[in-house]
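Please keep the sequence and the model in view while reading.

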Amino acid sequence: MVKATINKEHYACSVSNGSHDIIVDEPVELGGTHKGFAPKGLLMASLASCVAITLRMYVDRKEWPVDKIEVVVNTDTENGEMVFFEEITCTGQLTKEQKSRLEDIAGKCPVSKILTVGHEVRSKVL
């Protein structure tokens, strides 16, 4: 469960999962106060961090020599649909085959799966 609460301050939103709190906001040019990630940026951060964690789990299990993993996520629109582009940098000695395998594994992270399969959102105002 995640709960977002917004009061009258445009558009700073407190978000909590019961254990951790963050601020999500819009940039000043969109009327916000720029106190935290914008919602789209937070979605991109979720994808980038999920891919990085998934890859770290995989390389650790395989005992591959990777010191650092960096994942940069950008978006663009193609044919009216949002496309996420991931650039993954692994610091260490990897073969071409290992890098290819990591590209496959990146698409298996839970957030990637959510974003690539159609899902329904149901809203109910109480």
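A disulfide is a pair of cysteine sulfur atoms within 2.5 Å. By that criterion, the structure holds 0 disulfides. This is a predicted model, in which local features need pLDDT of at least 70 and side-chain atom pairs count only at pLDDT 80 or more, while totals for chains, interfaces and linings use all residues. Residues are numbered from 1 along each chain as its sequence is written, and side-chain values use heavy atoms, with hydrogens and water left out.

**Cysteines**

- The sulfur of Cys109 lies 3.2 Å from its closest cysteine sulfur, that of Cys50, which is too far for a bond.
- Cys109 is buried, with a relative accessible area of 0%; buried means under 20% relative accessible area, exposed over 50%, and partly exposed in between (1.4 Å probe, protein chains only).
- Cys13 also counts as buried, at 16% relative accessibility.

**The largest pocket**

- Rolling a probe the size of a water molecule over the atoms shows where empty space is left.
- On a 1 Å grid over the protein atoms alone, a pocket is an open set of points where a 1.4 Å probe fits, with protein on both sides within 12 Å along at least five of seven lines; lining residues have an atom within 4 Å of a point.
- The largest pocket holds about 260 Å³ of space, a volume being the space filled by probe spheres set on the points, with grid points joined across faces, edges and corners.
- Its lining consists of Val24, Pro39, Leu42, Leu43, Ser46, Val111, Ile114 and Leu115.
- Helix H1 (39-62) and helix H3 (110-116) are the elements that give two or more residues to this lining; helices (H or I, at least four residues) and strands (E, at least two) are DSSP runs, numbered from the N terminus.
- H1 gives the most to the lining of the largest pocket, with 4 residues.
- By class, this lining has 7 nonpolar, 1 polar and no charged residues. Ala, Val, Leu, Ile, Met, Phe, Trp, Tyr, Cys and Pro count as nonpolar, Asp, Glu, Lys and Arg as charged, and the others, Gly among them, as polar.

**The second largest pocket**

- The second largest pocket has a volume of about 160 Å³ and is lined by Leu55, Ile88, Cys90, Lys99, Leu102 and Glu103.
- Strand S5 (81-92) and helix H2 (96-106) each supply at least two residues of this lining, and the largest share, 3 residues, comes from H2.
- The lining of the second largest pocket comprises 4 nonpolar, no polar and 2 charged residues.

- Gln98, Leu102, Ile105 and Ala106 are buried in H2.
- Seen down the axis of H2, these buried residues fall within an arc of 100 degrees, so they line one face of the helix; the arc is that of the directions from the helix axis to the C-beta atoms.
- Lys96, Glu97 and Glu103 are exposed on the other side of H2.
- The cover over the buried residues of H2 includes H1, S5 and H3, where contact means heavy atoms within 4.5 Å.

**Backbone features in loops**

- The peptide bond from His10 to Tyr11 is cis, with omega near -15 degrees. Tyr11 lies in the loop between strand S1 (3-6) and strand S2 (13-16).
- Glu63, in the loop between H1 and strand S4 (66-78), has a positive phi near 60 degrees although it is not glycine. Glu63 counts as exposed, at 70% relative accessibility.
- Asn79, in the loop between S4 and S5, has a positive phi near 55 degrees and is likewise a residue other than glycine. Asn79 is exposed, with a relative accessible area of 81%.
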